[in-house]
Amino acid sequence: MKTLDAIDRRILLALQNDGRLSNQELADRVGLSPSPCLRRVRLLEEAGVIAGYRAVLDQEAVGLAITAFVRITLESHGAEVVERVEAEIRGIPEIVEAYLLAGDQDYLLKITVASFASYEDFVRNRLRTIPGLASIQTTFAFGVTKTVSPLPVGSY
């Protein structure tokens, strides 16, 4: 895809803030007529810049009161171990985000569960059963200072 211009960046910022905007509303916000706006959105989607659309849920409203950040270290870094661990991570719904790290730990996982008892069960029956883990370290979040926010596409 071509380099993103100022209009593309305005489109991306507007859609990150409200993915349910109609094409007309989006066109009005970014200063285009509807047809060129829709064409740009489709190009951004086809290029993979817009990776998808989704609803953002209130975690507590759906009964998931506990957020844990878990750092895991692998026993070894062989390709087979890494592939198996990553496949396991992708298949566990309670793990809502996972990052490969540089440093002392290998992965950072964001986990959401209903209660501390649910977390204990999760660790005992899901996380510890993943072959190849050497250590598991947990930190619980007591509150949210900043939720998922738009990428700063207009600032570079």
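Modeller: The radius of gyration is taken over C-alpha atoms, and the globule rule is 2.2 Å times the number of residues to the power 0.38. This model is predicted: local features need pLDDT of at least 70, side-chain atom pairs need 80 or more, and totals for chains, interfaces and linings use all residues. Numbering starts from 1 along each chain as written, and side-chain values use heavy atoms, without hydrogens or water.

Colleague: What radius of gyration does the chain have?
Modeller: The trace of C-alpha atoms spans about 55 × 40 × 25 Å along its principal axes. A compact globule of 156 residues would come near 15 Å, whereas the radius of gyration of this chain is 20 Å.

Colleague: In what order do the elements run from the N terminus?
Modeller: Helices (H or I, at least four residues) and strands (E, at least two) are DSSP runs, numbered from the N terminus. The chain holds five helices and four strands. From the N terminus on, they run α-α-α-β-α-β-β-α-β.

Colleague: Which residues of α3 make the contact with α1?
Modeller: Helix α1 covers residues 6–17 and helix α3 covers residues 34–46. Their axes (lines fitted to C-alpha atoms, for helices over the stretch in contact) lie 11 Å apart, at an angle of about 80°. Angles run from 0 to 180 degrees between N-to-C directions, and 65 to 115 counts as roughly perpendicular, so α1 and α3 are roughly perpendicular to each other. Contact means heavy atoms within 4.5 Å; α1 brings I7, D8, I11, L12 and L15, and α3 brings C37, R40, V41 and L44.

Colleague: How do α2 and α3 stand to each other, and which residues of α3 take part?
Modeller: Helix α2 spans residues 23–30 and packs on α3 at an angle of about 100°, with the axes 9 Å apart. That makes α2 roughly perpendicular to α3. From α2 come N23, Q24, L26, A27 and V30; from α3 come P34, C37, L38 and V41.

Colleague: What is the strand order of the sheet?
Modeller: Two strands pair if DSSP finds at least two bridges between them. The edge strands are β2 (95–100) and β4 (133–141), each pairing on one side only. Neighbouring strands are turned by 20° against each other on average, direction ignored. The sheet is open, has four strands and antiparallel pairing, and its order is β2-β3-β1-β4.

Colleague: How many bridges join β1 to β4, and which residue is the partner of L74?
Modeller: Strand β1 covers residues 66–74 and runs antiparallel to β4. Eight bridges join the two strands. The partner of L74 in β4 is L133.

Colleague: What is the bridge partner of T67 in β3?
Modeller: β1 and β3 also run antiparallel, joined by seven bridges. In β3, T67 has as its bridge partner T112.

Colleague: Which residue of β3 stands opposite E97?
Modeller: β2 and β3 pair in the antiparallel sense over five bridges. E97 stands opposite K110.

Colleague: Where does the hairpin of β2 and β3 take a positive phi?
Modeller: This hairpin has six residues between its strands. The phi in question is near 125°, and the residue that takes it is G103.

Colleague: What angle does helix α4 make with β3?
Modeller: Helix α4 (residues 79–90) packs on the sheet. It touches β1, β2, β3 (107–113) and β4. Its direction and that of β3 make about 20°.

Colleague: How many residues of β3 are buried?
Modeller: Buried means under 20% relative accessible area, exposed over 50%, partly exposed in between (1.4 Å probe, protein chains only). Over the chain, 29% of the 156 residues count as buried. β3 is mostly covered: of its seven residues, the buried ones number six.

Colleague: Is D106 buried or exposed?
Modeller: D106 sits in the loop between β2 and β3. Leaving out residues up to four places away in sequence, D106 touches I72, T73, L74, H77, Y99, L100 and L101. The relative accessible area of D106 is 9%, so D106 is buried.

Colleague: How far apart are the C-alpha atoms of D106 and E86?
Modeller: The two residues are 20 residues apart along the chain. Their C-alpha atoms are separated by 11 Å.

Colleague: What share of contacts joins residues at least 24 apart?
Modeller: Take the contacts in the chain between residues at least 6 apart in sequence. Among these, the share joining residues at least 24 apart is 65%.

Conventions: Parallel < 35°, antiparallel > 145°, perpendicular 65-115°, else oblique.
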